[in-house]
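Let's take a walk through a protein model together. Keep the picture open beside you and look for each piece as we come to it.

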Amino acid sequence: MREEQHPKGWNEKKTNDSWAIFKIMGEFVNGYEKLSKIGPCVSIFGSARTKPEDKYYKLTEKVAHKIVNHGYGVITGGGPGIMEAGNKGAHLGGGTSVGLNIELPFEQHDNPYIDHDKSLDFDYFFVRKVMFVKYSQGFVVMPGGFGTLDELFEAITLIQTHKIEKFPIILVGTEFWEGLFEWVKTTLLDQFNNISEKDLDLIHLVDTEDEVIDILDAFYKEYGFSPNF
């Protein structure tokens, strides 16, 4: 007789997975209720490892400060590094400062510049990512690692496939991003034809806070504010 192939704990794991659905639903409901009341915001992404003395930390502060002065709120991942700089710039500018925090085994902890009533904690990355995309009116992407790239390419994919509304995706720091952008152009487009030429128009490369604001303002002179799906 054929022996049982699954560990004896398999059914128990399936049961736990079923109950986890309610926790996932709770994170969605809490996120939707809180973020829907905040108003138009711009999400800022970048490395948690960036130190306060780094030029991109300081530039992120300036970007966030200028964003709130132009009537947008700022959303970050709530942690240290570039996230902290984004919340700090928004806070010092007197604007809305939102943090979508997630517990990680390293790097992540709440920064002190998030509005006390706008700090949300998540256990699930995918729920947190939905919140970034649903309520952001633009992505400002500073130098970062795998998590930053994940958010960047997911946003591009969702816009490219018309699953969400188009919004500005702004890469700040030409010296950091131009190699990746050139690879996308020469390899994905020119060599393998895996994307369309118009997809490149979704991405802007800039170096200053003024350029960020110019792109955001130009876009929203033509399009209205709304949730993205």
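Predicted model: local features only at pLDDT ≥ 70, side-chain atom pairs only at ≥ 80, totals over all residues.

Two packed helices are described by the angle between their axes and the distance between the axes. The crossing of helix 2 past helix 3 is right-handed. On the helix 2 side, the residues that make the contact include Tyr56, Tyr57, Ala64 and Val68, while helix 3 brings residues including Ile82, Ala85, Gly86 and Leu92. Sort the contact residues of this pair by type and you get eight nonpolar, four polar and three charged.

Now hop over to helix 6 (residues 174–191). Which of its residues are buried? They are Trp177, Val184, Thr187 and Leu189. Among the elements covering the buried residues of helix 6 are strand 5 (136–141), helix 5 (146–160), strand 6 (169–172) and strand 7 (203–206).

Just after helix 6 comes Asn193, with a positive phi of about 55°, even though Asn193 isn't a glycine. You'll find Asn193 in the loop between helix 6 and strand 7, and at 57% relative accessibility it counts as exposed. His162 has a positive phi too, about 60°, and is also not a glycine. Look for His162 in the loop between helix 5 and strand 6; its relative accessible area is 67%, so it is exposed.

Last stop: the rings. A search of the whole structure turns up 14 aromatic pairs. One of them, Trp19 with Phe22, is tilted, with 5.5 Å centre to centre and 40° between the planes. Trp19 and Phe22 sit three residues apart in helix 1 (residues 10–35), so about one helical turn separates them. Both Trp19 and Phe22 are exposed.

The rings of Tyr32 and Tyr135 make an edge-to-face pair, because their planes are at 85°, with the centres 6.3 Å apart. This pair links distant parts of the chain: Tyr32 is in helix 1 and Tyr135 in helix 4 (residues 125–135), 103 residues apart. Tyr32 is partly exposed at 30% relative accessibility, whereas Tyr135, at 12%, is buried. Ring pairs also join Tyr32 and Tyr135 with Phe28, Tyr124 and Phe126 in a cluster.

Note on methods
Residues numbered from 1 in each chain as written. Heavy atoms only, no water. Left-handed = near helix turned anticlockwise from the far one by under 90°. Helix = DSSP H or I, 4+ residues; strand = E, 2+ residues; numbered from the N terminus. Contact = heavy atoms within 4.5 Å. Nonpolar A, V, L, I, M, F, W, Y, C, P; charged D, E, K, R; others polar. Buried < 20%, exposed > 50% of the residue type's maximum accessible area, 1.4 Å probe, protein only. Phe/Tyr/Trp six-rings, centres within 6.5 Å; stacked < 30°, edge-to-face > 60°.
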